[in-house]
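Here is a short briefing on one structure. Keep the sequence and the model open while reading.

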Amino acid sequence: MLTAQGQDLPTELFAKVQAGKALVVSREAQCTLCHRIPEHAGAMGDLGPNLEGVASRLSPEAMALRVKDSRRINPYTIMPPYFSTEGLSQVDPKFKNQTILSETQLQQVLSYLGSLK
Ligand code: HEC
């Protein structure tokens, strides 16, 4: 199936990419609070880099590292660590020791980023 970027993907990967895009624009992940993404009509912020073409700039590993825990690259980053529970303060007790994204959601977000060539 064709993505908005015109890539022809197998149906299963297409579904994962679409689920990832839905998460990226969701209130849960709030990526678009800080990042612009292509083909999205809603409001977007520019505190972080535009994610258009990010898969051409960064390897899958480099993208995963940033989404999981950007503090490992820049300790002063404002980007939340989406797949780490280390060193966080003021966490609501009901979310303690829980990552923001589940493993499945993380893989969906990374599939979507990987489609942004
Ligand atoms: C509060 C703001 C904020 C939020 C929310 C945020 N980011 Fe970021 N992001 C940044 C900033 C700022 C950078 C630039 C590097 C740095 O300062 O750490 C960045 C860098 C990145 C990069 C590297 C981009 C490049 O071109 O180098 C990726 C990929 C990324 N973010 C993806 C995401 C995804 C996916 C989400 C949601 C799951 C997200 N970000 C949520 C602020 C944010």
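The side chain of S84 comes within 3.2 Å of the backbone nitrogen of E86. The model is predicted, and every value below is computed from it.

**S84**
- S84 sits in the loop between α3 and α4.
- S84 has a relative accessibility of 9%, so it counts as buried. The cut-off for buried is under 20%.
- The side chain of S84 also makes a polar contact with the side chain of R71, at 3.3 Å.
- Neighbours within four places in sequence set aside, S84 touches K68, D69, R71 and T99.
- S84 is also one of the residues that line the second largest pocket.

**S26**
- S26 belongs to the loop between α1 and α2.
- S26 is buried because its relative accessible area is 18%, and buried means under 20%.
- The side chain of S26 reaches a backbone nitrogen, that of A29, at 3.2 Å.

**Helix α1**
- Helix α1 runs over residues 11–24 and has 14 residues.
- From first C-alpha to last, α1 reaches 20 Å, close to the 20 Å expected at 1.5 Å a residue.
- Buried residues in α1 are F14, V17, G20, K21, L23 and V24.
- Helix α4 (103–114) is included in what covers these buried residues.

**Helix α4**
- Helix α4 has twelve residues. Its reach from first C-alpha to last is 16 Å, close to the 16 Å expected at 1.5 Å a residue.
- The buried residues of α4 are Q105, L106, Q108, V109, L110, S111, Y112 and L113.
- The cover over the buried residues of α4 includes α1, α2 and α3.
- Q108 is found in α4. With a relative accessibility of 18%, Q108 is counted as buried.
- Neighbours within four places in sequence aside, Q108 is in contact with K16, A19, G20 and L23. Among the buried residues of α1 are G20 and L23.

**Largest pocket**
- The space in the largest pocket is about 660 Å³.
- The lining has 30 residues. H35, L51, R66, S70 and M79 lie nearest the centre of the pocket.
- By class, the lining of the largest pocket divides into 21 nonpolar, six polar and three charged residues.
- Helices α2 (54–57), α3 (60–69) and α4 each supply at least two residues of this lining.
- Helix α3 gives the largest share, three residues.

**Second largest pocket**
- The second largest pocket has a volume of about 330 Å³.
- Its lining is made up of P81, S84, T85, L88, S89, V91, F95, K96, N97, Q98, T99 and I100.
- These residues divide into five nonpolar, six polar and one charged.
- T99, one of the lining residues, is also in contact with S84.

**Points to check on the model**
- Which side chain does S84 meet in a polar contact at 3.3 Å? The partner is R71.
- Which helix supplies the largest share of the lining of the largest pocket? The answer is α3.

Technical notes: Residues numbered from 1 in each chain as written. Predicted model: local features only at pLDDT ≥ 70, side-chain atom pairs only at ≥ 80, totals over all residues. Heavy atoms only, no water. Helix = DSSP H or I, 4+ residues; strand = E, 2+ residues; numbered from the N terminus. Expected span 1.5 Å × (residues − 1). Buried < 20%, exposed > 50% of the residue type's maximum accessible area, 1.4 Å probe, protein only. Contact = heavy atoms within 4.5 Å. 1 Å grid on protein atoms, 1.4 Å probe; cavity = no way out; pocket = protein on both sides within 12 Å on 5 of 7 lines; lining within 4 Å. Points joined across faces, edges and corners; volume = space filled by probe spheres on them. Nonpolar A, V, L, I, M, F, W, Y, C, P; charged D, E, K, R; others polar. Polar contact = N/O pair within 3.5 Å; in protein donor to acceptor, adjacent residues only side chain to side chain.
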